[in-house]
Amino acid sequence: MPKRLASSLSYEVLEHVFSFIQSDKDRNVVSAVLCKSWYEIERWCRRKIFVGNCYAVSPKMVIRRFPQVRSIELKGKPHFADFNLVPDGWGGYVLPWITEMAGAYPWLDEIRLKRMVVTDESLELIAKSFKDFKVLVLASCEGFSTDGLAAIAASCKNLRELDLRESEVDDTSVHWLSHFPETYTSMVSLNISCLGSGEVSFSALERLVSRCPNLRSLKLNRAVPLDKTANILRLAPRLVEFSACTYSAELRSDVFSNLAGAFSNCKELRSLSGFWDVVPDYLPAIYSVCSRLTSLNLSYATILSPDLIKLVSHCPSLQRLLVLDYIEDSGLEALASNCKDLQELRVFPSDPFDAEPNASLTEQGLVAVSLGCPKLQSVLYFCRRMSNAALVTIAQSHPNLNRFRLCIIEPNTADYLTGEPLDVGFGAIVEHCKDLIRLSLSGLLTDCVFEYIGKYAKKLEMLSVAFAGDSDLGLHHVLSGCESLRKLEIRDCPFGDKALLTNAAKLETMQSLWMSSCSVSFEACKLLSQKMPRLNVEVIDERGPPDSRPENCTVDKLYIYRSVAGPRFDMPPFVWTKDE
Amino acid sequence: MELQLGLALPPPPLIPIETFDLNSYGNYETREALGSNALSWPLLKLGPADNDINNIHHHNSSSSSSSSSSSGGGAGCKKRSFDEAPFFDEKRNVPKTLHLLLWTNQPNDEDDDPSNVLHENSSSAIFKNDGEGLVGWPPVKTWRKKVHHQIPNGGAENNRLPAVENGIGGRASKSTYVKVKMEGVPIARKIDLSVHHSFEGLTNTVMRMFGISDGNRKIFKLTYQDREGDWLLAEDVPWRTFIRSLKCLKLIRSRG
C-alpha cells in the first residue's frame, strides 16, 4: 500500500473503521500484513483478545502489544484432559495472567477461561482489581471453591454474567450467593449447574432472581426441587434459557399444574436443559413452550424413546438437540420428520462401559436425521456399529456439514455389513463436506483414511484420532496434506518418529499436537526440540525419566505446541523436555 | 482464531538435505538401521511423483503390518482414487518442509510396535471390570459419567430414602440400574430402581419401555432373577423383599 495513501487517513478515522472489524482473524490480518501505522493503530484500539493456548505467549507480551484490552479469552489444558488423559498438576494456571493484567488492564471487564486451574486467590484478585468487571466464564475449570465465588459476588457490582459450566468447585459451605448485596441487580446470565447440592441456598437464589430484572439465562443445579423451580420461573418470566431441575418426585397434580402454569408464562424461553431424573409424566408441563424451543439438552434425562418421541413432536423449531441413546433409531426418525430446522445433533451413550447395547440405536438413526434435516451442520454421535454405506449416504446428503464426530464405542470396529475398514466412508465425508472444520474418527481404519483426509480435508482445523492407522504414513498424510490444520490429537495409533520429523515445520503452523500411546521415541522428541526452538515439546510421562528407559521405549504422552514465550516455568516433575 | 503475535512465520527456508548428517543422530540411526541408500528417496520431492507414491503404497500394504486390516483396505483404496491423479503435483501449494528426516521406502520397523497390541485384543478391550480397561475411552467427559452412575442425592422432598435403607444405596458408587429383558427381544434395557416404589409403577415403566400398549399388558408377566439365580414372579413377594434380592428383570408372555 503506498505510504502516501496510508498517512492520509487520520488515526481517528482508521480506528473507527477498525472497530467494525470484529473477527480475530480479520484483525490479525489488519495488524500483521499491511503497514506499520495500521499495526500501531490496531494494537491500540484492540479490545478483545483470544489466546487458544495460554502457553503460546506470555501475559507480558500480550500486554506490551495490546495496551487497552477489555476482554480476554484463554484456554489452558489440551482437549484430551476432558477424558483424564492429562495428569493432575500438568499446568494451565491462570494466576500469572490475572496478576499481570490486574496492574495493566484496570478496565478489563470480561474474562473467559477454559480448562484452566483457577484458584480462590485468582478470583479474589479479579474481584479486587477490575472495577467494572462484567463477565466471568469458567468452562471446565477447577481449583477454586465457593470462597472465591463469594469474593466475586461481594465485590463485582456490575457483574452481568457468571458462568461456571462444567467446572469443579469445592464446597466450603460458604453461602456465597448471599454475598451478592441487596443493591446488586445486574445479573443477566447465571450458570451454576455444576454445583453440588450443598452449595446453593434456595432463599438467596430466589431473592437474587427477584431483584434482577434483566436476567435472561438461568442454569441451576440438580438440587433445586420442583416446587422451587416453579417459583423461580414465576420470578423470571422473561428467561430465554433455563436449566430445569430435579423432577424426581412421582406425579402430583398440584405440583404439575403449578409447574405448567409457570412455564406457560415464559413466552421468550428458547432453550431448555437439565432434566436430571425427570419423570416422564411431568414432561407435558413444558409443552406450552415447546413450539418456540430452538435448543433442547436432554442428555442427562433417562427418558425413553416413546416419551422422547412425544416431546420432540412438539418442537418443530428445534435447531439443537442433545440427547442420550435412549432416543433410539425410532426417535431419531421422528426427529427427522418433525424438526426440519435441526442444525446440531449430539447423541451420547447412556451406558458407555457396557459391552451390550442397552438401547436400539444404530447408524440408521443418524442416516434418518441426515436425510430428513437439510440444515444439519454439526454432529456428535456415539453408537456401536457403522457402515461405509451409511457414511457415504450421510456425506452425499450433507455437503454442508462442518463438524462431524463419530464415536463407535468399541475400538477397531469394522463395517458391520462388509467387515471392511471404514476408510471409504470417512473418505466420502471429507470429500463431499468441503467446509468440514472438525472431524473425529473411530472404528477400523487403515492408513488409507488418512490419505483421503490429507487429500480432501483442506479446511479441517481440528482432527481427533484413536486406534487407527497402520504406519507413519497415516500421520504423514495428515501433516502434509491438511493445510488448515490447527489442532491434532491422537491416541493409541502406530505413528512414530518418521512422520513427526519429516513434517517438523508443519508443527510450527499448528496450534498443538497431542500424541499418547503412540510410537514416538524420546530421542525424536529431543531432536525436534533442538531443531525447532519455536516449539515446546513436552513429554508427559509419570513412569520416570524417559532417558532411564531403553532407547526403543516410546514416550507415554507427547504434547507439542508452538510458542513465542519459550519453555514454561511451571512444569511439574512428570513433564520432560530436552533439558532434563 | 489464534493470537498471531508474530507467529505468522515467514516460509521456512528449504534446508538442503546434505546439511543433515544422520550419522550425527547417534542412537536414532541404530534403531532405524538406515543404510546410505535410504537417503535417496524423499517423499516430498515436488514434481511428478505418482510412481513413487504408488510404490510406497504397494510396499507398505504388502509388507503387512501387525493389523490384519491393511491389506484389504490398502488395496481397495489404491484402486479407487490414487492411481488416477498424481497425489503430489507442482501446482499444489505446499510449504516446503524442513526435513529432519527423509522419508524412506524401507518397511516401517515400528509397525510391530507393542502399543498395537490392542489390534490383536480386538474383542472388548474396554469392557473389562469396573474401572479397568482403557483410560479415557469412550471419550465421555468425567462429570457426564458421574451423572449416570451416581446415586441421586436429592433433598428430603423426594422418596429416595427408603431405597437407601433397602440396601441399594449402600453399594457406594454402584448404580441403582438393573437390566430388563423381554422375551424375544435381543436388546436389553436398563431401569433405575430408585425412582420406583411399587410394582405398579415399575410395571408401567417396563411396559412403556418395550412399547406394550395398555390393552396388551395382560399378555405379559414380569419376572425377576434373584441372587440365587432362580426366576420368580415379581408380584409373588412383597416389594421390599423383591428390591433386596432382585438381580435382573424379564418380561415374559404368560402361558395359559
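Guide: Gly496(A) is buried, with a relative accessible area of 0%. Buried means under 20% relative accessible area, exposed over 50%, and partly exposed in between, with a 1.4 Å probe and protein chains only. This is a predicted model, where local features need pLDDT of at least 70, side-chain atom pairs count only at pLDDT 80 or more, and totals for chains, interfaces and linings use all residues. Residues are numbered from 1 along each chain as its sequence is written, chains are lettered from A and ligands numbered from 1 in the order in which they are written, and side-chain values use heavy atoms, leaving out hydrogens and water.

Visitor: Where is the place of Gly496(A) in chain A?

Guide: Gly496(A) sits in the loop between strand 19 (487-491) and helix 20 (497-502) of chain A. Helices (H or I, at least four residues) and strands (E, at least two) are DSSP runs, numbered from the N terminus.

Visitor: OK, and how many helices and strands does chain A come to?

Guide: Chain A has 22 helices and 23 strands. Its radius of gyration is 25 Å, close to the 25 Å that the globule rule gives for 580 residues, so chain A is as compact as a globular protein of that length. That radius is taken over C-alpha atoms, and the rule is 2.2 Å times the number of residues to the power 0.38.

Visitor: How many residues of helix 19 are buried?

Guide: In helix 19 (residues 472-481) of chain A, 10 of its 10 residues are buried. Among them are Leu473(A), His476(A) and Val478(A).

Visitor: Which residue forms a salt bridge with Arg491(A)?

Guide: Asp492(A) does, and their closest N and O atoms are 2.8 Å apart. Arg491(A) is buried at 5% relative accessible area, and Asp492(A) is buried at 9%.

Visitor: What about Glu268(A), which side chain does it meet?

Guide: Glu268(A) meets Arg238(A) in a salt bridge of 3.1 Å, N to O. Glu268(A) lies in the loop between helix 11 (253-264) and strand 11 (271-274), and Arg238(A) in the loop between helix 10 (226-235) and strand 10 (241-244) of chain A, so the pair ties together parts 30 residues apart in sequence.

Visitor: Is Arg238(A) buried or partly exposed?

Guide: Arg238(A) is partly exposed, with a relative accessible area of 43%.

Definitions and conventions. A salt bridge is a side-chain nitrogen of Lys or Arg within 4 Å of a carboxyl oxygen of Asp or Glu.
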